[in-house]
Amino acid sequence: MSPINRASKIASSMAAKSEKRSTNKMQVPIVELSECIVCGVCVETCPQVFRLNDAGYIEVIELAVYPESDVNDAIKYCPVDCIHWDTQSV
Ligand code: SF4
């Protein structure tokens, strides 16, 4: 086995082990910034999750648990449908 193939195999094995360790999943809201028109509706609807940062972009505040109902309202009222849920490992 060449050194490159061996390194690749080791990296794959490490990634698989890392994936096995993080088995807890959580739902996190995501804003597609390329589509966001910065209308502010999500911030008004759900300020505990969405905020306008200093650079002028909407960002999702890091929380341990996201309020599902409030985020779903922001998703519903976003005029360009650029907010969605994503499942992430924790
Ligand atoms: S509601 Fe949608 S378009 Fe408006 S600021 Fe929030 S993410 Fe952007």
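Glu-32 is placed in the loop between β1 (25-31) and α2 (41-45). The structure is a predicted model, in which local features need pLDDT of at least 70, side-chain atom pairs count only at pLDDT 80 or more, and totals for chains, interfaces and linings use all residues. Residues are numbered from 1 along each chain as its sequence is written.

Glu-32 has 13 other C-beta atoms within 10 Å, and it is therefore partly exposed. In this scheme a residue is buried if 20 or more other C-beta atoms lie within 10 Å of its own, exposed if 12 or fewer, and partly exposed in between, with C-beta atoms placed from the backbone. The C-alpha atoms of Glu-32 and Cys-82 are separated by 5.1 Å, although these residues are 50 positions apart along the chain.

The protein as a whole contains three helices and four strands. Helices (H or I, at least four residues) and strands (E, at least two) are DSSP runs, numbered from the N terminus. Along the sequence they follow the pattern α-β-α-β-β-α-β. Of the 90 residues in the protein, 11% are buried.

The loop between α2 and β2 (50-52) holds Pro-47. Pro-47 counts as exposed because it has 12 C-beta neighbours inside 10 Å. Its C-alpha atom is separated by 9.7 Å from that of Val-71, 24 residues away along the chain.

Val-71 belongs to helix α3 (residues 68-77). Val-71 counts as buried because 23 C-beta neighbours lie inside 10 Å. Leaving aside neighbours within four places in sequence, Val-71 is in contact with Pro-29, Cys-46, Val-49 and Tyr-66. Two residues are in contact if their C-beta atoms, placed from the backbone, lie within 7 Å. For Val-71 and Val-49, 22 residues apart along the chain, the C-alpha separation is 7.6 Å. Cys-46, in turn, touches Asp-70, Val-71, Asp-73 and Ala-74, not counting residues up to four places away in sequence.

Val-71, Val-49 and Cys-46 are among the nine residues of the largest nonpolar core, which also includes Phe-50 and Ile-58. A nonpolar core is a set of buried Ala, Val, Leu, Ile, Met, Phe, Trp, Tyr and Cys residues joined through C-beta atoms within 7 Å. In soluble globular proteins, nonpolar side chains tend to be buried together.

The ligand is surrounded by 14 residues, of which the closest are Cys-36, Cys-39, Val-41, Cys-42 and Cys-78; a residue is near a molecule if its C-beta atom, placed from the backbone, lies within 6 Å of it.
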